[in-house]
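Dear colleague,

I am passing on the structure below, and my notes on what was found in it follow. Please read them with the coordinates open.

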Amino acid sequence: RNFGSGQDFKDYHIDDEGNPPTAMFTALLYLTDGYEGGEITFYDGVYPSQDGPKTYSPEAGDLFLFRAFDAHKVNPVISGRRALFSLNIRNPENPPPWKV
């Protein structure tokens, strides 16, 4: 995934809302830094803490691993390029709907 100025991935969302979820975890490996904006906010009140939403400004080499059903949002990139590798780790017992 590669985002430039004015681009973002999605507003507030959940990567896997299935019942049961087919994805167990989402992994994000950030490949660039030096961009403005593009922060990621997690909204689940239990993860990563009881203190409410947590916002992070990832840098190159940062790895985020979180449950695929944790709500989050990515802010638009204001300047520079935000590039990352994204992976959903799936539960083999619950295949995604396109493989059923």
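Does Arg67 count as buried, partly exposed or exposed, and at what relative accessibility? Arg67 counts as partly exposed, at a relative accessibility of 25%; please keep in mind, here and below, that this is a predicted model. The side chain of Arg67 meets that of Asp70 in a salt bridge, with an N to O distance of 2.8 Å, and a search of the whole structure finds 1 salt bridge. Asp70, for its part, is buried, its relative accessible area being 0%.

On the surface, a nonpolar patch is formed by Met24, Phe25, Leu29, Leu31, Leu63, Leu65, Phe85, Leu87 and Ile89, which together have about 790 Å² of accessible area. Strand S2 (23-30), strand S6 (63-67) and strand S9 (82-90) are the elements that give two or more residues to this patch. Phe25, which is found in strand S2, counts as partly exposed at 32% relative accessibility; it can belong to the patch because patch residues need over 30% relative accessible area.

Methods: Residues are numbered from 1 along each chain as its sequence is written. This is a predicted model: local features need pLDDT of at least 70, side-chain atom pairs count only at pLDDT 80 or more; totals for chains, interfaces and linings use all residues. Side-chain values use heavy atoms; hydrogens and water are left out. A salt bridge is a side-chain nitrogen of Lys or Arg within 4 Å of a carboxyl oxygen of Asp or Glu. Buried means under 20% relative accessible area, exposed over 50%, partly exposed in between (1.4 Å probe, protein chains only). Patches are made of residues with over 30% relative accessible area and no salt bridge: like charges are joined within 9 Å, nonpolar side chains (Val, Leu, Ile, Met, Phe, Trp, Tyr) within 5 Å. Accessible areas come from the Shrake-Rupley method with a 1.4 Å probe; for residues, only the protein chains shown count as cover. Helices (H or I, at least four residues) and strands (E, at least two) are DSSP runs, numbered from the N terminus.
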